[in-house]
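Hi,

Here is the structure I promised to pass on.

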Amino acid sequence: RVREAVVSTQSTGQNSPIKTVILLTFIYIVVNIPNFVYQIMLIRMVLSIDPGYNSIDSISDHIKQYFDTEFEYYYFWLLTYTLSTCLNSALNPLVYFYHIKTFRQFSRQVLMSSTVIRNK
């Protein structure tokens with residue numbers, strides 16, 4: 001039965017949900033590569049800290065020494081956390097719009113109803 005459903009969706013030209021999930025996962029991984037690199041870098045830095053460091057401020061200072069300026073530290077933080085999250089959030093609806101027919105229909109209805117309301 002599942003096989004028949006998959007074959008029927010493929011024969012009608014609709015994209016399968018598996019393709020959508022794979023694409024969303026791929027986008028998530030690609031967009032978050034800077035975040036993964038940053039986390040690995042942080043783990044390596046924390047593991048290399050002398051056990052005598054006890055406070056969070058000492059760890060933060062130790063991490064900041066690997067950047068040339070404080071601007072680079074905060075820029076990299078902004079890039080890894082904020083930009084990657086926003087980019088992923090912006091791309092997901094586009095993937096849904098392209099792959100899911102009911103999402104396209106709903107989006108068009110919302111857009112049409114908002115233009116009708118503005119014209120009144």
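**What I found**

From the N terminus on, the protein chain runs α-α-α-α-α-α. That makes 6 helices and 0 strands, where helices (H or I, at least four residues) and strands (E, at least two) are DSSP runs numbered from the N terminus.

Some housekeeping before the details. This is a predicted model, in which local features need pLDDT of at least 70 and side-chain atom pairs count only at pLDDT 80 or more, while totals for chains, interfaces and linings use all residues. Residues are numbered from 1 along each chain as its sequence is written, and side-chain values use heavy atoms, with hydrogens and water left out.

**The chain as a whole**

Of the 120 residues in the protein chain, 20% are buried. Here buried means under 20% relative accessible area, exposed means over 50%, and partly exposed lies in between (1.4 Å probe, protein chains only). The chain exposes about 9500 Å², and carbon and sulfur atoms supply 66% of that area; accessible areas come from the Shrake-Rupley method with a 1.4 Å probe, and for residues only the protein chains shown count as cover. Among contacts with a separation of 6 or more, 58% are between residues 24 or more positions apart, a contact being heavy atoms within 4.5 Å.

**Helix α2**

Helix α2 covers residues 17–31, and its 15 residues should span 21 Å at 1.5 Å a residue; the end C-alpha atoms are 21 Å apart, which agrees. The expected span is 1.5 Å times one less than the number of residues in the helix. Which residues of α2 are buried? They are T20, L24, I27 and V31. These residues cover an arc of only 60° around the axis, so they sit on the same side of α2; the arc is that of the directions from the helix axis to the C-beta atoms. On the face turned away from that buried side, α2 carries the exposed residues I18, V21, I22 and F26.

With 30 residues, α5 reaches 43 Å from its first C-alpha to its last, close to the 44 Å expected at 1.5 Å a residue. At L79, α5 bends by about 30°, the bend being the angle between axes fitted to the seven residues ending there and the seven starting there. The buried residues in α5 are Y73, F76, T80, S84, N88, N92, V95 and H99.

- N88 counts as buried because its relative accessibility is 13%. Leaving aside neighbours within four places in sequence, N88 is in contact with I27, Y28 and V31.
- L91 counts as partly exposed, at 27% relative accessibility. The C-alpha atoms of L91 and L24 are separated by 8.7 Å, though the two are 67 residues apart along the chain.
- Y96 is partly exposed, at 31% relative accessibility. Not counting residues up to four places away in sequence, Y96 touches T20, L24 and F103.

**The nonpolar core**

What makes up the largest nonpolar core? It consists of 5 residues in all: Y38, L42, F67, Y73 and F76. Helices α3 (33–48) and α5 each supply at least two residues of this core. A nonpolar core here is a set of buried Ala, Val, Leu, Ile, Met, Phe, Trp, Tyr and Cys residues joined through side-chain atoms within 4.5 Å. In soluble globular proteins, nonpolar side chains tend to be buried together.

**Two further residues**

V37 is found in helix α3 and is partly exposed, with a relative accessible area of 45%. Its C-alpha atom is separated by 8.8 Å from that of T80, 43 residues apart along the chain.

I100 has its place in the loop between α5 (70–99) and α6 (101–119). At 30% relative accessibility, I100 counts as partly exposed. I100 and S16 are 84 residues apart in sequence and 8.9 Å apart in space, C-alpha to C-alpha.
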